[in-house]
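User: I'd like to learn how to read a fold like this one, feature by feature. Could we go through it together?

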Amino acid sequence: MKISSVATERLVLFPMTVDVAERVVAREPGDGDLWAEGYPGAGDVRALTGLLRGVAERGDPGVFRHYQIRLDGVAVGGIGFHGPPDELGVVTVGYGLVPGARGKGYASEALRALVEVARQGGASGVKGDADLGNPASHRVMEAAGMPCVAESDTLRHFYLGF
């Protein structure tokens with residue numbers, strides 16, 4: 001299944017394919033891969049390992065996949081879904097940027113675009129969580145329209161229903 005890239009004002013969310021995901025997991029860029037310093041991070045490798053496992057078990061995830069965040073053609077992080085929508089139609093999102101790209105609004109911009117991908121893909125809502133000690137991630141989700149709906153001893157939980 002061919003999934004289109006998603007363009008925002010400053011970024012492109014590039015849908016990860018199996019071959020690109022395998023290169024990122026192996027931390028071995030191929031010809032034409034442009035990676036910022038610090039890419040891929042541990043979160044990218046974890047997310048893409050999950051994508052590869054999901055493709056092997058369930059087939060192509062359609063739009064509910066991982067996307068590489070590119071700035072001027074250079075991979076600066078990743079964003080995506082932890083899997084297909086659950087039994088209620090809700091998807092869980094996750095994201096991360098290399099240190100040099102943080103603090104510039106890129107994560108919020110990318111997450112707003114991903115929320116729209118979920119909406120157009122038929123999800124009934126999006127959720128995410130972040131450690132209590134990660135206020136930057138809290139701000140990202142809030143800026144993308146996902147309010148905090150609960151808090152535990154260790155996490156703040158965010159949700160936006162459609």
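Analyst: Gladly! Let's begin with two neighbouring strands: β5 and strand β6 (residues 125-131) are paired in the parallel sense, over three bridges. One of the facing pairs is T92 with K127 in β6. Helices (H or I, at least four residues) and strands (E, at least two) are DSSP runs, numbered from the N terminus, and two strands pair if DSSP finds at least two bridges between them. This is a predicted model, so local features need pLDDT of at least 70 and side-chain atom pairs count only at pLDDT 80 or more, while totals for chains, interfaces and linings use all residues. Residues are numbered from 1 along each chain as its sequence is written, and side-chain values use heavy atoms, with hydrogens and water left out.

User: In which sense do β4 and β5 pair?

Analyst: The general idea is that strands of a sheet pair through backbone hydrogen bonds, either parallel or antiparallel. Here β4 (residues 74-81) and β5 (residues 90-97) are antiparallel, with five bridges; F81 has V93 in β5 as its bridge partner.

User: What is the strand order of the open sheet?

Analyst: The eight strands are ordered β1-β2-β3-β4-β5-β6-β8-β7, and the pairing is mixed. The edges are β1 (6-7) and β7 (148-151), each with a single partner strand, so one side of each has no neighbour in the sheet.

User: Which handedness does the unit of β5, α3 and β6 have?

Analyst: Point the strands away from you: a crossover is right-handed if the path from the first strand over the helix to the second runs clockwise. The unit made by β5, α3 and β6 is right-handed.

User: Is α3 largely enclosed or left open by the rest of the structure?

Analyst: First, the cut-offs: buried means under 20% relative accessible area, exposed over 50%, partly exposed in between (1.4 Å probe, protein chains only). In α3, 11 of the 15 residues are buried, so the helix is largely enclosed by the rest of the structure. Among them are Y106, E109, L111, L114 and V115. A length check also works: the expected span is 1.5 Å times one less than the number of residues, giving 21 Å for α3, and the end C-alpha atoms are 21 Å apart, which agrees.

User: Which residues touch the most other members of the largest nonpolar core?

Analyst: In soluble globular proteins, nonpolar side chains tend to be buried together. A nonpolar core is a set of buried Ala, Val, Leu, Ile, Met, Phe, Trp, Tyr and Cys residues joined through side-chain atoms within 4.5 Å. The largest one has 42 residues, and F81, L111 and M146 touch the most other members. Helix α3 (residues 106-120) gives the most to this core, nine residues. Leaving aside residues up to four places away in sequence, M146 is in contact (heavy atoms within 4.5 Å) with residues including V93, L111, V115 and F158.

User: Where do P40, R27 and D72 lie?

Analyst: As background, most residues other than glycine have a negative phi, and most peptide bonds are trans. P40 is in the loop between α1 (18-26) and α2 (42-58), and its peptide bond with Y39 is cis, with omega about -5°. R27 lies in the loop between α1 and α2 and has a positive phi of about 55°. D72, in the loop between β3 (66-71) and β4, also has a positive phi of about 55°. R27 is partly exposed at 44% relative accessible area, whereas D72 is exposed at 73%.
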